[in-house]
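Me: Hello! I would like to talk through how some labels are assigned in the model below.

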Amino acid sequence: MREIFAGMPWWVKWVAVPVIALVLFGGLIASVIGFVIGLLFKVLLFVALVGGLVFVVRKFMSSSSSGSDW
């Protein structure tokens, strides 16, 4: 493979080959990046909702237990 690219001009190695790769695999790359970003967003949303639920439950439990004390 190295011998094939040795005789090629610089623009073939650094411009044409990456452009062809992006055209062929661009959709795959974009879908993988979109999946990862979507998964990260869902994980962060889950953490925020669980944290909010824990906060509300602790707040409710502390207020109800202090109110029932004599």
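This is a predicted model: local features need pLDDT of at least 70, side-chain atom pairs count only at pLDDT 80 or more; totals for chains, interfaces and linings use all residues.

Me: Where is Ala-16 placed, and how far is it from Phe-5 in sequence and in space?

Reply: Ala-16 sits in helix H2. Between Ala-16 and Phe-5 there are 11 residues in sequence and 12 Å in space, C-alpha to C-alpha.

Me: Why is Val-56 called exposed?

Reply: Its relative accessible area is 51%. The cut-off for exposed is over 50%, so Val-56 is exposed. Val-56 belongs to helix H2, which covers residues 10-68.

Me: How many helices and strands does the protein have, and why is it said to be more spread out than a compact globule?

Reply: The protein has two helices and zero strands. Its radius of gyration is 28 Å, while the globule rule gives 11 Å for 70 residues; the value is well over the rule, so the protein is more spread out than a compact globule. Along the principal axes, the C-alpha atoms fill a box of roughly 90 × 20 × 15 Å.

Me: What share of the residues counts as buried?

Reply: Of the 70 residues, 1% count as buried, meaning under 20% relative accessible area.

Technical notes:
Residues are numbered from 1 along each chain as its sequence is written. Side-chain values use heavy atoms; hydrogens and water are left out. Helices (H or I, at least four residues) and strands (E, at least two) are DSSP runs, numbered from the N terminus. The radius of gyration is taken over C-alpha atoms; the globule rule is 2.2 Å times the number of residues to the power 0.38. Buried means under 20% relative accessible area, exposed over 50%, partly exposed in between (1.4 Å probe, protein chains only).
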